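This report goes through selected features of one protein chain.

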Amino acid sequence: MSEAATVPRREAARSTPGETPRVALIGNPNTGKTTLFNALTGHRARVGNYSGVTVEKREGPLRKAARPVTLVDLPGTYSLSAHSPDELVAVQLLLGILRGEKPPAAVVVVADASNIERNLFLTTQVMELGLPTVLALNMADVARENGLEIDTQALSRTLGVPVVELVARTGEGVRELAGLLEAPEELPAPRDFHVYTEDFAAERDRLADRLREAGVPEAWLQPFLVSRPLVEAAGMVEQLAVEAGGGAARRAVDEGRAALEAKGFRLRSLEAAARYRWIREHAGPCITETSPKGATSLQFSDRIDAVLTHRVWGLAVFVVLMALVFQAIFSWSAPLMDLIEEGVGTAGESVGAMLPEGPLRSFIVNGVIAGVGAVLVFLPQICVLFLFIALLEDVGYMARAAFLMDRLLSRAGLSGRSFIPMLSSFACAIPGIMAARSIENPRDRLATILVAPLMSCAARLPVYTLFIAAFIPPERVLGVFNVQGLTLLAMYFVGVAVAIPMAFLLKRTLLRQKTPSFLIELPPYRRPLVLNVLHRVVERAREFLVRAGTIILAASMVIWALSYYPR
């Protein structure tokens, strides 16, 4: 029995008359997927959450399309292994089993053309689902600079799907891709795609039958999902199957893995070996390496990284950069914060003058208006912080910062993935907590969430300023540094000094677990795109106002009621 005979081909989600087709964008981190999404939608994305989960959803209409088409920007992922909530949502949406979400009519896999072999790993997983697929080779200019020539026509014939070479940052090739997406139902689906052997396929089919008998829902018995417990242990798909099928499902998975191991299969490396072997044999001939002219972008990045990732100099540059960021957060935002406070105070006085003395006046002035002011006053600091984060991410430095901080955080039982949430918490703990959802391991995610509020957020700045002004004299050290300013800086370091030991304690007691390994891709350095940076800042500011602002406003009203009553 052949592998192709055991894997039923997924049919595309046909749109009914009047229904807008949906196209999913998926790709590895740092492939420019979000830049491409913004180029295709014209920065008209709607941001929300998938039903029942905290994973962020971004949707937007295809720009200048002859007919309405909705693009869905899935979370960045290196594979469909489903070890994190983000990856699980991507798998569920692509398979059409995500609650409240319709399956896509087609999928666009955004790949880094300069690192095509690794990016094709995710591409083969998506193709195994049998959905109509388009391979978008982004950063084609970087690939050419590095001496890589890709025969897109030959690669398209090999994969059986359209392949488009593009540069999302400049718009090269974006119009050609948009033209393909105007009619997603007409895109071809890869037929009879497989990377595993017949023995593996037979064992996978037996496992599917046993899981069906154990009561696992049919939606979770699609071939791609059934293969997950066999090639990866303790994944989220395996956990869901065992929860649904109980002990019978647990025994079926264990016996299936044992049967494959008895036949000589090395399950830990099986999927990687099978997929990369297929990529080298089939896609390899479509890629030609030539001698690059002059210094490549990778060589340029390597030279900079020799300093920025150095144990000593890299840490020194990091400290200087963070000092500049914090200085900008407080100095740049101070005039705007003062202006907002004055505006809120003026609005409260004006409204209060029009209302008679009583509960209603106190509620509107001290509850509603003061609550709105409590939200808006921190917005400038939030915007400045995320402006720097967006710039550093676009340039490519943020990955290097996470790499540097991994050395410190790993001693506390965390990894470099906790760096961004903890950095975000210096402006406000709520964005930091929300940023922690990208951490794969649940215990690491919870530990990061618990220590994020220990960072000295902007809400504590008035208290720090008051006490420093009262007790610290305005003297100078070495004729340059103000003692009051150094004291404020020390107060912020206190947050870090408390958070790290607390994380260490949590990971050794309640959230005990081995320190996770940390693997991160260091993208080449690039010039930031101003429009993308500003768009990201606006998105994060809106997210703060909608999600955190509503909670703060409600809390202000509750505090007003508790302080006003009983009279």
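Predicted model: local features only at pLDDT ≥ 70, side-chain atom pairs only at ≥ 80, totals over all residues.

On the α8 side the contact is made by Asp 199, Phe 200, Glu 203, Leu 207, Arg 210 and Leu 211. On the α10 side it is made by Ala 249, Arg 251, Ala 252, Val 253, Glu 255, Gly 256, Ala 259 and Leu 260. Sorted by class, the residues of this contact are eight nonpolar, one polar and five charged.

## The chain as a whole

The protein chain has 22 helices and eleven strands. Of its 567 residues, 49% count as buried. Among contacts between residues at least 6 apart in sequence, 76% join residues at least 24 apart.

## Enclosed strands

Strand β1 (22-27) has six of its six residues buried, so it is largely enclosed by the rest of the structure. Both of its faces are covered: one carries Arg 22, Ala 24 and Ile 26, and the other carries Val 23, Leu 25 and Gly 27.

β1 pairs in the parallel sense with β4 over four bridges and, also in the parallel sense, with β5 over five bridges. In the pairing with β4, Val 23 has Leu 71 as its bridge partner, and Ala 24 has Val 72.

## Enclosed helices

Ten of the eleven residues of helix α3 (residues 85-95) are buried, so this helix is largely enclosed by the rest of the structure. The buried residues are Asp 86, Glu 87, Leu 88, Val 89, Ala 90, Val 91, Gln 92, Leu 93, Leu 94 and Leu 95. They pack against β1, β4 (70-73), β5 (106-112), α9 (223-231) and α10. Gly 96 follows α3 and has a positive phi, near 75°.

Helix α9 has eight of its nine residues buried, so it too is largely enclosed by the rest of the structure. Those buried are Phe 224, Leu 225, Val 226, Ser 227, Arg 228, Pro 229, Leu 230 and Val 231. The elements that cover them include α3, α4 (116-128), α8, α10 and α11 (267-283).

## Two residues and their contacts

Arg 445 lies in helix α19 (residues 442-451). With a relative accessible area of 17%, Arg 445 is buried. Apart from neighbours within four places in sequence, Arg 445 is in contact with Pro 85, Ala 436, Arg 437, Ile 439 and Glu 440.

His 310 sits in the loop between α12 (297-308) and α13 (313-354). Its relative accessibility is 33%, so His 310 counts as partly exposed. Not counting residues up to four places away in sequence, His 310 touches Asp 305, Leu 315, Leu 404 and Arg 407. His 310 and Leu 404 are 94 residues apart in sequence, and their C-alpha atoms are 8.5 Å apart.

## Backbone exceptions

Most residues other than glycine have a negative phi, and most peptide bonds are trans. Lys 64, in the loop between β3 (56-61) and β4, has a positive phi near 55°. Met 139 is not a glycine and also has a positive phi, of about 60°; its place is the loop between β6 (133-138) and α5 (140-145).

Are these residues buried or exposed? Lys 64 is exposed, with a relative accessible area of 73%, whereas Met 139 is buried, at 7%.

A cis peptide bond joins Tyr 565 and Pro 566, with omega about -5°. Pro 566 belongs to the segment after α22 (530-564).

Definitions and conventions:
Residues numbered from 1 in each chain as written. Heavy atoms only, no water. Contact = heavy atoms within 4.5 Å. Helix = DSSP H or I, 4+ residues; strand = E, 2+ residues; numbered from the N terminus. Nonpolar A, V, L, I, M, F, W, Y, C, P; charged D, E, K, R; others polar. Buried < 20%, exposed > 50% of the residue type's maximum accessible area, 1.4 Å probe, protein only. Pairing = 2+ DSSP bridges.
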